[in-house]
Amino acid sequence: MLYREAGQFKTSYEADGQILPIRQDRVGLFILLLVALVAVPLFASPYLLSAILIPFLIFALAALGLNILTGYAGQLSLGTAAFMAVGAYASFNFVARIPGIPLLVAFVLGGLCAAMVGIAFGLPSLRIRGFYLAAATLATQFFVIWCLTKIPYLTNYSASGVVTVQTMQMFGYQFVSPVSKYLLVLGIVAGMALLAKNMIRSNVGRSWMAIRDMDMAAEVIGFRPLRTKLLAFAVSSFYCGVAGALYAFAYLGTVEPEAYSLDLSFRILFMVIIGGVGSILGSFLGAAFIVLLPIVLNMLAHALGLATNYASNLELMVFGSLIIFFLIVEPHGLARLWQIGKEKLRLWPFPH
């Protein structure tokens, strides 16, 4: 934001607790988008696009949704995968039962369905908090998966519960190739990330952070806890619902309850913790770290000649160790380490 100090206008803003120049931030963002839009589709292989970059973007969007709720509004949630499942199944049913519906409209409607479920299960946040709220949102996971397996209408009366999604199509163009899917996912994720960044800077974001820091004091100065918390649940669930729809249509190619298990909720929570709680950049860094870490550990296990069971246990051990490390050493995660590194490079070689 632009603000006035000592009679002069300052072209800077406060992001993640640090004052950064607007022009420098915009240049860096423009270069990053240019590389993602031009260089990656030209030089990336189909495997890199389909198996790494597309899931990275989808998980980053889901982590961003959870970060809005947990990092900025201070409401702990363990039902992220459930909201993703609602968005995926709702989008599938909208496309299947409404002929000619635009794909983006189906994704938005799926996200709105997830937002309504998030509001319903966010009502306990008005009376409970902390681990009790986490247990309440954990019930969302089991309830949603139970509904998906017991209501045949949601799976289009499939006997196995696994349904192949429709081909993504807009304006007569079918998104079939890995490059087209990547560009579609990139456009949606970039737009929603920009929307979240502006939302955090607005009065809505300030109300979330006020409730997070001290809800009683926030209520005294005029913020309404009921509306603020439910809005955080709605926005977070909407982001997770859109991420779930992209996960089904652009990555898996199917909708199935097993794809949105409790393990996925914990993985997204790990992304937020490792990337940085209360940081939009941290959502992307955490998603990249969690997506790439199993690949690196698998390569390391093959290089060391470890057995398959040792390799799988190694991944769990590394995940747990990293979470403990970041919680103790650097609670703000990779985003804070990235900021510290940039500051040191900016001052080098004259640190004083």
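Predicted model: local features only at pLDDT ≥ 70, side-chain atom pairs only at ≥ 80, totals over all residues.
Residues are numbered from 1 along each chain as its sequence is written, and side-chain values use heavy atoms, with hydrogens and water left out. Local features need pLDDT of at least 70 and side-chain atom pairs count only at pLDDT 80 or more, whereas totals for chains, interfaces and linings use all residues.

**Exercise 1. Helix 7 and S207**

Determine whether S207 is buried or exposed, and identify what covers the buried residues of helix 7.

Solution. 
Step 1. S207 belongs to helix 7, residues 203-213; helices are DSSP runs of H or I with at least four residues, numbered from the N terminus.
Step 2. The relative accessible area of S207 is 8%, so this residue is buried (buried is under 20%, exposed over 50%, partly exposed in between, with a 1.4 Å probe and protein chains only).
Step 3. Leaving aside residues up to four places away in sequence, S207 touches F223 and T228, where contact means heavy atoms within 4.5 Å.
Step 4. The buried residues of helix 7 are G205, S207, W208, A210 and I211. Their cover includes helix 2, helix 6 (178-201), helix 8 (215-220) and helix 9 (225-252).

**Exercise 2. The salt bridge**

Solution. 
Step 1. The criterion is a side-chain nitrogen of Lys or Arg within 4 Å of a carboxyl oxygen of Asp or Glu.
Step 2. R212 pairs with D213, and the closest N and O atoms are 3.1 Å apart.

**Exercise 3. Helix 2 against helix 11**

Solution. 
Step 1. The axes of helix 2 (residues 46-72) and helix 11 (residues 280-304) come within 8 Å and cross at roughly 135°. Axes are lines fitted to C-alpha atoms, for helices over the stretch in contact, and angles run from 0 to 180 degrees between N-to-C directions.
Step 2. On the helix 2 side, the contact residues are I52, F56, F59, A60, A63, L64, N67 and Y72; on the helix 11 side, they are I280, S283, F284, A287, A288, V291, L292 and I295.
Step 3. Ala, Val, Leu, Ile, Met, Phe, Trp, Tyr, Cys and Pro count as nonpolar, Asp, Glu, Lys and Arg as charged, and the others, Gly among them, as polar.

**Exercise 4. Helix 11 against helix 12**

Classify the orientation of helix 11 to helix 12, and list the residues that make the contact.

Solution. 
Step 1. Helix 11 and helix 12 (residues 308-328) pack at about 135°, with axes 10 Å apart.
Step 2. This makes helix 11 oblique to helix 12.
Step 3. Helix 11 contributes F289, I290, L293, P294, L297 and A301, and helix 12 contributes A311, L314, E315, V318, F319 and L322.
Step 4. The residues of the contact of helix 11 with helix 12 divide into 11 nonpolar, no polar and 1 charged.

Note on methods:
Helix = DSSP H or I, 4+ residues; strand = E, 2+ residues; numbered from the N terminus. Parallel < 35°, antiparallel > 145°, perpendicular 65-115°, else oblique.
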